[in-house]
Amino acid sequence: IMSDYTPIDCNLYDRYEAWATLRTSLVITHRDDHDAEVKHVGRIVDLRNEAGAEWLVLDNGKRIRLDRVLNVHEPSV
């Protein structure tokens, strides 16, 4: 159980939902389990609440805890 989860801002959660609905390709920078900065590119296919934490799931199956996300942006064309 991840009791150290810090809930994210509701407006930010709404943006994740909008990106998922619109199938927007994103570059997501986050901290992994070892506190290293990692980047993933993909589309959000699911948002879920598990073990007391909120997660996003990318189209490649990668799960990212929302309070560990540092930056989200659309890739430059």
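Helix 1 is followed by Arg23, which has a positive phi, near 55°. The model examined here is predicted.

Helix 1 covers residues 10–22. At 1.5 Å a residue, its 13 residues should span 18 Å. The end C-alpha atoms are 18 Å apart, so expectation and model agree. At the start of the helix, a side-chain oxygen of Asp9 comes to within 2.9 Å of the backbone nitrogen of Asn11.

The helix has a buried side. Tyr13, Tyr16 and Trp19 are buried. Viewed down the axis of helix 1, the buried residues fall within an arc of 115° and therefore line one face. An α-helix has 3.6 residues a turn, so residues three or four places apart point the same way. The face turned away from the buried side carries exposed residues: Cys10, Asn11, Thr21 and Leu22.

The cover over the buried residues of helix 1 includes strand 1 (25–31), strand 2 (37–50), strand 3 (53–58) and strand 5 (69–73). Helix 1 lies across these strands. Its direction is at about 100° to strand 2.

The 5 strands form an open sheet, ordered 4-3-2-1-5, with antiparallel pairing. Strand 4 (63–65) and strand 5 stand at the edges. Each has a single partner strand, so one side of each lacks a neighbour in the sheet. On average, neighbouring strands of this sheet are turned by 50° against each other, direction ignored. Strand 1 and strand 2 run antiparallel and are joined by 7 bridges. Arg31 stands opposite Glu37 of strand 2.

Conventions
Residues numbered from 1 in each chain as written. Predicted model: local features only at pLDDT ≥ 70, side-chain atom pairs only at ≥ 80, totals over all residues. Heavy atoms only, no water. Helix = DSSP H or I, 4+ residues; strand = E, 2+ residues; numbered from the N terminus. Expected span 1.5 Å × (residues − 1). Buried < 20%, exposed > 50% of the residue type's maximum accessible area, 1.4 Å probe, protein only. Arc of directions from axis to C-beta. Contact = heavy atoms within 4.5 Å. Polar contact = N/O pair within 3.5 Å; in protein donor to acceptor, adjacent residues only side chain to side chain. Pairing = 2+ DSSP bridges. Axes fitted to C-alpha atoms, helices over the stretch in contact; angles between N-to-C directions.
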